[in-house]
Amino acid sequence: NDRLENYRLTPREKEVCTLLLGGRSRKQIAVELHISYATVVFHCASLYKKLDINSLSELFALFGYREIKAQKESETP
């Protein structure tokens with residue numbers, strides 16, 4: 001998502017952010033990305049700090065589920 005570029009997120013933080021906005025839980029993200037749950041928690045904390053938010057609901061308010069879903073669908077071949 002181009003809007004994520006404005007926040008200087010790492011590629012992994014962008015990936016975690018997109019998966020969170022896609023409705024995945026932290027446990028599901030860990031399995032999908034083949035990383036530990038603790039690593040997902042670390043990326044979420046870093047992501048929240050960079051975005052200056054404190055909750056998943058604030059993440060949705062900032063970016064919106066529909067926008068991320070539309071972006072993801074447009075990238076699918």
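Let's start with a pair of cysteines: the sulfur of Cys-44 lies 9.0 Å from the closest cysteine sulfur, that of Cys-17, which is too far for a bond. This is a predicted model, and a disulfide in it requires two cysteine sulfur atoms within 2.5 Å. By that rule the count is 0 disulfides. Cys-17, for its part, takes part in no disulfide, as the nearest cysteine sulfur is the one in Cys-44, 9.0 Å away.

What the two residues do have is cover from the rest of the chain. Cys-17 is buried, with a relative accessible area of 0%, and Cys-44 is buried too, at 1%. Overall, 31% of the chain's 77 residues count as buried.

Now step back to the fold. Of the contacts with a separation of 6 or more, 54% join residues 24 or more positions apart.

Where do the nonpolar residues gather? In general, nonpolar side chains of soluble globular proteins tend to be buried together. Here the largest nonpolar core holds 19 residues, and Cys-17 returns as one of those that touch the most other members, along with Leu-20, Ile-29, Leu-47, Leu-59 and Phe-63. Two or more residues of this core come from each of helix 1 (11–21), helix 2 (26–33), helix 3 (37–51) and helix 4 (56–63).

The chain exposes about 5100 Å², with 53% of that supplied by carbon and sulfur atoms.

How values were computed: Residues numbered from 1 in each chain as written. Predicted model: local features only at pLDDT ≥ 70, side-chain atom pairs only at ≥ 80, totals over all residues. Heavy atoms only, no water. Buried < 20%, exposed > 50% of the residue type's maximum accessible area, 1.4 Å probe, protein only. Core = buried A, V, L, I, M, F, W, Y, C linked by side-chain atoms within 4.5 Å. Helix = DSSP H or I, 4+ residues; strand = E, 2+ residues; numbered from the N terminus. Contact = heavy atoms within 4.5 Å. Areas by Shrake-Rupley, 256 points an atom, 1.4 Å probe, with all protein chains shown as cover.
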